[in-house]
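Please keep the sequence and the structure in view while reading.

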Amino acid sequence: MNEIGEKSIQLVVTSPPYPMIEMWDGLFSMKDPAVKELIRSDVEEEIAEAYDRMHLILYPVIRECYRVLIEGGICCVNIGDAVRSMGDRFRLFANHSRMITTLESVGFSMLPYILWKKPTNKPNAFLGSGFLPTNAYVTLDCEFILIARKGGVRQFRQKDENRYRSSYTKEERDKWFSQIWNDIPGASQSTVNNSSRSAAYPIEIPIRLIRMFSVLGDTVLDPFLGTGTTVLAASKTGRNSVGFEIDRDAINWDSLSDVKGLELACDELEE
Ligand SMILES: C[S@@+](CC[C@H](N)C(=O)[O-])C[C@H]1O[C@@H](n2cnc3c(N)ncnc32)[C@H](O)[C@@H]1O
């Protein structure tokens, strides 16, 4: 993100590829070819190394987010854990916990996070055999929205006009600042430009986060832009935006055609 100056962004809202979710194996393997072999291994140490390497790929992006944010700027990271059978066992890969470690290690202070509980049509879905204990697994039906801050609270001029014009209602505050969000269904995963799946989040997520943690006229960054949901949300809420996406085909250019003031850097993936 060399194009972006230090302390020039007020808010980061993003969702990285989730380590150990199979749809991202190819991307992580392209960024680090050792991952490709390691994720096929049955050896515990090699599985652990694959997982470490995937998180290491995300690390420099988070470090850059810290550099470009202003003092008091907020970084919101939507990430889900992964479950997967590897080697001879089924297990959880707690991505949220690794991401907290990454955020803290680049200098952020963690703030209370949000659990986005996706409403499900299958309340009884679980992995196990019938009704017999002890080997069933709890369903992963929440994702995390981690919230981290650079430095102390953001300072504003007295009676800052943009801040006052950006206020939310009491009803919005009561709903948005509670820890469990259970009123936002997952986004439809329609494909864009022949990509296999978009992994887009519903626009309500970035709209809320942008209204909670930035003011009118601020600039929002999404370093893992995907279809472009964050910049669309920024434009709908009167904020500027900058996005980076490594895979040009992931971007839903049609939905972004009305967005003004959008900056986009596109890095091609090497096959
Ligand atoms: C989970 S998706 C983001 C989805 C997005 N929130 C949306 O609503 O469409 C993660 C995106 O990050 C991109 N990506 C992965 N590594 C990247 C990197 N180093 N730089 C830029 N983009 C990257 C992937 O191609 C993918 O589109």
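In helix α7 of this predicted model, the residues Ile205, Pro206, Ile207, Arg208, Leu209, Ile210, Met212 and Phe213 are buried. The helix spans residues 204-213, and because 8 of its 10 residues are buried, α7 is largely enclosed by the rest of the structure. Arg208, a charged residue by class, is among the buried residues of this helix.

The chain has 271 residues, of which 44% count as buried. Its contacts can also be sorted by distance along the sequence.

The ligand comes next. Which residues come nearest to the ligand? Of the 20 residues around it, these are Tyr201, Thr227, Thr229, Glu245 and Ile246. Sorted by class, the shell consists of 13 nonpolar, 5 polar and 2 charged residues.

In the side chain of Thr227, an N or O atom lies 2.6 Å from an oxygen atom of the ligand. For Thr229, the corresponding distance between an oxygen atom of the ligand and a side-chain N or O atom is 2.5 Å. Ile246 takes part through its backbone: one of its polar backbone atoms is 3.1 Å from a nitrogen atom of the ligand. On its own, the ligand has 600 Å² of accessible area, and the protein covers 94% of this.

The cysteines remain to be considered. A disulfide is a covalent bond between the sulfur atoms of two cysteines. How many disulfides does a search of the whole structure find? The search returns 0. Cys65 illustrates this result: its nearest cysteine sulfur belongs to Cys75 and is 5.0 Å away. A disulfide requires two cysteine sulfur atoms within 2.5 Å, so Cys65 is in no disulfide.

Is Cys65 buried or exposed? With a relative accessible area of 0%, Cys65 is buried, because buried means under 20%. Cys142, at 25% relative accessibility, counts as partly exposed, because this class covers the range between under 20% and over 50%.

Terms used: Residues numbered from 1 in each chain as written. Predicted model: local features only at pLDDT ≥ 70, side-chain atom pairs only at ≥ 80, totals over all residues. Heavy atoms only, no water. Buried < 20%, exposed > 50% of the residue type's maximum accessible area, 1.4 Å probe, protein only. Near = heavy atom within 4 Å. Polar contact = N/O pair within 3.5 Å; in protein donor to acceptor, adjacent residues only side chain to side chain. Areas by Shrake-Rupley, 256 points an atom, 1.4 Å probe, with all protein chains shown as cover. Helix = DSSP H or I, 4+ residues; strand = E, 2+ residues; numbered from the N terminus.
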